[in-house]
Amino acid sequence: MKRIILACAAGMSTSMLVTRIEKEAVARGLEYQIYAIPEQNLREELQNFGQDVVVVLLGPQVRFKLEENKKLTDSYQLPIAVIDTVAYGTLNGAKVLDQALALVH
């Protein structure tokens with residue numbers, strides 16, 4: 001199954017957003033494994049599952065790590081972006097899913 005990774009400071013605050021994104025994906029008939037991890041675990045996650053990952057989204061609280069992580073995701077030919085701050089703050093799963101899908105296509 002294709003994976004969408006949300007990488008944030010600790011992987012916990014984003015878990016509520018993951019639930020909203022999952023519900024939206026199901027409502028649209030999309031099959032993705034969507035989950036949050038601590039940003040510092042991204043390298044290991046891509047080493048283990050990089051072939052299944054389609055996009056990486058960073059939580060706004062780790063936006064300063066974008067360039068560093070872009071070098072990593074580029075080596076896997078994966079798009080990466082910072083989650084829209086308003087969508088993140090309002091737990092707007094539909095908007096974040098739209099952002100992810102726009103990066104994939």
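User: Before anything else, what do buried, exposed and partly exposed mean here?
Analyst: Buried means under 20% relative accessible area, exposed means over 50%, and partly exposed covers the values in between. Please note as well that the model is predicted.

User: Thank you. How many helices and strands are there in the chain?
Analyst: The chain holds five helices and four strands. Read from the N terminus on, its elements follow the pattern β-α-β-α-β-α-β-α-α.

User: In what order do the strands sit in the sheet?
Analyst: The four strands form an open sheet in the order E2-E1-E3-E4, and the pairing is parallel. At the edges are strand E2 (33-38) and strand E4 (80-82), each of which pairs on one side only. From one strand to the next, the twist averages 25 degrees.

User: What actually links strands in a sheet?
Analyst: In general, strands of a sheet pair through backbone hydrogen bonds, in either a parallel or an antiparallel way. In this chain, E1 and E2 run parallel and are joined by six bridges. E1 is also paired with E3, again in the parallel sense, over five bridges.

User: Which residue of E2 stands opposite Ala7?
Analyst: Ala7 has Ile37 of E2 opposite it. For Leu6, the bridge partner in E3 is Leu57.

User: How many of the residues of E1 are buried?
Analyst: Six of its six residues are buried, so E1 counts as mostly covered. Cover is found on both faces: Arg3, Ile5 and Ala7 are buried on one side, while Ile4, Leu6 and Cys8 are buried on the other.

User: And how do E3 and E4 pair?
Analyst: Strand E3 (residues 53-58) pairs with E4 in the parallel sense, over three bridges. Within that pair, Val56 stands opposite Ile80 of E4.

User: Which helices lie on these strands?
Analyst: Helix H1 (residues 15-27) lies across strand E1 (3-8) and E2, and runs at about 170 degrees to E2. Helix H5 (residues 93-104) also packs on the sheet, where it touches E1, E3 and E4, and its direction makes about 130 degrees with that of E3.

User: Let us turn to H2. Which of its residues are buried?
Analyst: In helix H2 (residues 42-49), the buried residues are Leu42, Glu45 and Leu46. Viewed down the axis of H2, these buried residues fall within an arc of 95 degrees, and therefore they line one face of the helix.

User: Why would residues a few places apart point the same way?
Analyst: An α-helix has 3.6 residues a turn, so residues three or four places apart point the same way.

User: What do the buried residues of H2 pack against, and which residues are on the face turned away?
Analyst: The buried residues of H2 pack against E1, E2, E3 and helix H3 (66-75). The face turned away from the buried side carries Arg43, Glu44 and Gln47, which are exposed.

User: A change of topic: where does Glu39 lie?
Analyst: Glu39 is in the loop between E2 and H2.

User: Buried or exposed?
Analyst: Glu39 counts as buried, because its relative accessibility is 7% and the cut-off for buried is under 20%. Apart from neighbours within four places in sequence, Glu39 has contacts that include Ala7, Cys8, Leu58, Lys65, Glu68 and Asn69.

User: What about Thr85, then: where is it, and what does it touch?
Analyst: Thr85 lies in helix H4 (residues 85-89). Since its relative accessibility is 45%, Thr85 counts as partly exposed. Not counting residues up to four places away in sequence, Thr85 touches Pro60 and Arg63. Thr85 and Gln61 are 24 residues apart in sequence, with 9.1 Å between their C-alpha atoms.

User: How far is Glu22 from Gly93?
Analyst: Their C-alpha atoms are separated by 7.7 Å, although the two residues are 71 residues apart along the chain. Glu22 is in helix H1 and counts as partly exposed, at 34% relative accessibility.

User: What can be said about contacts across the chain as a whole?
Analyst: Taking contacts between residues at least 6 apart in sequence, 73% join residues at least 24 apart. Of the 105 residues, 45% count as buried.

Note on methods. Residues numbered from 1 in each chain as written. Predicted model: local features only at pLDDT ≥ 70, side-chain atom pairs only at ≥ 80, totals over all residues. Heavy atoms only, no water. Pairing = 2+ DSSP bridges. Helix = DSSP H or I, 4+ residues; strand = E, 2+ residues; numbered from the N terminus. Axes fitted to C-alpha atoms, helices over the stretch in contact; angles between N-to-C directions. Contact = heavy atoms within 4.5 Å. Buried < 20%, exposed > 50% of the residue type's maximum accessible area, 1.4 Å probe, protein only. Arc of directions from axis to C-beta.
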